[in-house]
Each structure stands twice: as structure tokens, then as C-alpha cells.
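I opened my notebook to go through one chain from its fold down to a single residue. Here is the structure I was looking at.

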Amino acid sequence: MDLKEQEALDIDLSQHWYYRSKSAAILNVIADVPAARVLDVGSGSGFFAREVLSKTNVEQDDCVD
């Protein structure tokens, strides 16, 4: 979902089932990966990048959409 869609729908992505389940899966996969920097390809609104930065030891998340 891009920023325009998110704004038009006026929803909290952190409460949506899709974003919650995908976020949990991503965080589970990278939990033990010692990386300071990651690349988010197809980042859309950047929701998952923010999740990774706030819930892991990753210091930089580069987003490309």
C-alpha cells in the first residue's frame, strides 16, 4: 500500500491483520540475523521498515519502491 492509498483509506496499518501477520513473520525471520543495515525492496508506505528499525538492532533500513 502506498502513502496515497493509506491516507485515502484512513486506516491504522499496525492494527490490520495483513500488516500484523507479515510484520511478525519478517521479524521472526530476521531476529537472529546480525545486520546493521537492510534493504526493503517494494517498501510502499515504509511500514515494515519502521517495524524493523523499532523492534530489532538494525540501524539503517534503505527503502526502494
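My entries below go from the fold to the pocket and then to one helix.

**Ground rules.** I am working with a predicted model, in which local features need pLDDT of at least 70 and side-chain atom pairs count only at pLDDT 80 or more, while totals for chains, interfaces and linings use all residues. Residues are numbered from 1 along each chain as its sequence is written, and side-chain values use heavy atoms, with hydrogens and water left out.

**Fold.** I looked up the elements and found three helices and two strands; these are DSSP runs numbered from the N terminus, helices being H or I of at least four residues and strands E of at least two. Their order from the N terminus is α-α-β-α-β.

I then checked how the strands meet. β1 (residues 37-41) pairs with β2 (residues 60-64) in the parallel sense, over five bridges; pairing requires that DSSP finds at least two bridges between the strands. One bridge I noted joins Val-38 to Asp-61 in β2. Together with helix α3 (residues 47-55), the two strands make a right-handed β-α-β unit: with the strands pointing away from the viewer, the path from the first strand over the helix to the second runs clockwise.

How big is the largest pocket? I have its volume at about 290 Å³, taken as the space filled by probe spheres set on the grid points, which are joined across faces, edges and corners. A pocket here is an open set of points on a 1 Å grid over the protein atoms alone, where a 1.4 Å probe fits, with protein on both sides within 12 Å along at least five of seven lines; lining residues have an atom within 4 Å of a point.

The lining has 20 residues, and Lys-22, Ile-26, Asp-40, Phe-48 and Ala-49 lie nearest the centre. α2 (17-30), β1 and α3 each supply at least two residues, and α2 gives the most, with five.

**Helix α3.** I asked which residues of α3 are buried. They are Phe-47, Phe-48, Ala-49, Glu-51 and Val-52, buried meaning under 20% relative accessible area with a 1.4 Å probe and protein chains only. Their cover includes α2, β1 and β2.

Leaving out residues up to four places away in sequence, Glu-51 touches Ser-23 and Leu-27, a contact being heavy atoms within 4.5 Å.

**Whole chain.** Last, I noted that 23% of the 65 residues count as buried.

Note on methods: Buried < 20%, exposed > 50% of the residue type's maximum accessible area, 1.4 Å probe, protein only.
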